[in-house]
Amino acid sequence: MKVIVDNKIPFIREVIEKIADEVVYVPGKDFTPYLVKDADALIIRTRTRCNRELLGGSKVKFIATATIGFDHIDTEYCRKAGIAWSNAPGCNSASVAQYLHSSLILLRKLKGIDLSKATIGIIGVGNVGSKVAKVAQELGMRVLLNDLPREDKEGKRGFASLQSLAEECDVLTFHVPLHRGGKYKTYHLADAAFFRSLKRRPVIINTSRGEVIETGALLDALENGQVSDAVIDVWENEPDINLTLLNKVFLGTPHIAGYSADGKANATRMSLDALCRHFNIQADYRIVPPPPAQPQIMATSLSEVYLQMYDPRRDSDALKTRPELFEKLRGDYPLRREKEAYTISNTMQRIL
C-alpha cells in the first residue's frame with residue numbers, strides 16, 4: 001500500500017511506516033495529480049484540495065484529513081469516484097477552547113472588559129462551541145448559544161437567534177463549519193448587514209473558517225465603531241491575508257487555535273485509525289506528545305496560570321512582525337500543551 005502524507009502532520013512517521021509499504025511525505029500545497037496517481041491513500045490537512053483535478057484517473061481509494069473541517073474535500077466527487085474519506089471531528093476542540101480562554105483573559109487584562117458582566121454569543125455549538133461555552137461560564141460570563149442545525153433538530157429551547165446575539169452580546173465568537181450555500185450557509189455569515197445589526201460594539205472572535213466573515217465588512221465595522229475589537233485566527237485567502245485587518249485586530253494569529261500538540265496527536269490518531277479500518281489493518285500504536293519544556297507552573301493568580309500554559313500574544317506578535325511567514329509559522333509551530341500536561345503549585349491547585 002502506498003500512502004502520500006502531508007509532511008507537517010506530526011507524530012505520524014513511525015506509525016505509518018509500519019502500516020504502509022511505501023510512504024511519501026510532501027508539503028500540503030504540493031500534492032499533484034502525477035504524485036497521487038498510483039497512491040492508495042492520502043493523509044492531508046486543509047491546504048490540499050481533493051477534487052477531480054487532483055484525483056481524476058488515480059488509484060486513490062481513501063483520504064483522511066487530520067482536521068475537523070473537510071470543505072477542502074469535494075465529497076460529491078469522491079462519492080461518485082468511490083473514494084472513501086474521513087475527518088477528525090472534535091480532535092482539537094480543547095485546543096481551540098484553550099485559545100479562547102487565554103484570549104478572553106487578555107481582553108479582561110488589557111482591554112478592561114469585565115467578563116463577569118459580559119455576555120458572549122457562541123455561533124456554532126458543536127464539539128468546539130460546547131467547550132467554549134464551558135470556558136466562558138467558568139469566567140463568569142453570560143452565554144447565549146446559536147446553532148441553527150441543532151435548533152432544527154433539538155428544538156428552540158436553549159438556543160437564541162442571531163438577531164438576539166447581535167443585540168445582547170459583548171463578545172461574539174464563531175465556531176461553524178464553512179457552507180457556501182443551502183439552508184445552513186455560513187459563507188460571509190458576518191457581512192455588512194450583520195455588522196449593522198450589532199447593538200453593543202462587541203469583540204469579534206473567529207477561529208472557524210476565514211470565509212465565515214467578510215473581510216471588507218469587518219474592516220469597515222472596526223473603522224466605524226460597530227465592532228470594538230477583534231481576535232482573528234482564520235482569514236480569507238490564506239496565506240495571502242489582508243494586512244490592514246491584521247494590523248487592526250487585537251490578536252491576529254496564523255490559523256493555529258487548534259494547534260496544541262494534544263489536538264494534533266488526536267487528529268493524527270483519528271486519521272490512522274480511519275486508515276486502518278478502511279483497509280482492515282490491525283495495528284497497535286500509541287501517540288503521545290512530548291512534555292512541555294517547563295511542566296511546573298508557579299503563579300499568583302489563576303489568569304497567570306492559563307497564560308503561562310498558552311499566551312496567544314506570542315503567536316500574534318510573530319505574525320504581525322512577519323506576515324509573509326504565515327505558512328512557516330503554521331508549519332513550524334512550537335510545542336504547545338494543554339492543561340493536563342502541567343503540574344500546578346500547591347497554592348494554585350487549591351484554586352483550580
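**View 1. Strand 8 (residues 171-174) and strand 9 run parallel and are joined by four bridges.** Strands here are DSSP E runs of at least two residues and helices are H or I runs of at least four, numbered from the N terminus; two strands pair if DSSP finds at least two bridges between them. Leu172 has Ile204 of strand 9 as its bridge partner. This is a predicted model, in which local features need pLDDT of at least 70 and side-chain atom pairs count only at pLDDT 80 or more, while totals for chains, interfaces and linings use all residues. Residues are numbered from 1 along each chain as its sequence is written, and side-chain values use heavy atoms, with hydrogens and water left out.

**View 2. Six strands form an open sheet with parallel pairing, in the order 7-6-8-9-10-11.** At the edges you will find strand 7 (142-146) and strand 11 (251-252). Each has a single partner strand, so one side of each lacks a neighbour in the sheet.

**View 3. Leu104, Ile120 and Met141 touch the most other members of the largest nonpolar core, which has 42 residues.** Such a core is a set of buried Ala, Val, Leu, Ile, Met, Phe, Trp, Tyr and Cys residues joined through side-chain atoms within 4.5 Å. Buried means under 20% relative accessible area, exposed over 50%, and partly exposed in between (1.4 Å probe, protein chains only). Helix 5 gives the largest share of this core, eight residues. Leaving aside neighbours within four places in sequence, Leu104 is in contact (heavy atoms within 4.5 Å) with Leu115, Ile120, Leu139, Met141, Val171 and Ile205. A second, separate core of 32 residues includes Ile213, Ala217, Leu222 and Ala230.

**View 4. Ser208 sits in the loop between strand 9 and helix 10 (215-224).** Ser208 is buried, at 8% relative accessibility. Its side chain makes a polar contact of 2.6 Å with that of Asn206. For a polar contact, two N or O atoms lie within 3.5 Å; within protein, one must be able to donate a hydrogen and the other to accept it, and residues adjacent in sequence count only if both atoms are side-chain atoms. Not counting residues up to four places away in sequence, Ser208 touches Phe174, His175, Val176 and Val234.

**View 5. The sulfur of Cys78 is 6.5 Å from the closest cysteine sulfur, in Cys50, which is too far for a bond.** A disulfide is a pair of cysteine sulfur atoms within 2.5 Å, and by this rule the count is zero. Cys276 is in no disulfide either, as the nearest cysteine sulfur, that of Cys91, is 17 Å away. Cys78 is buried at 0% relative accessible area, and Cys276 is buried at 7% relative accessibility.
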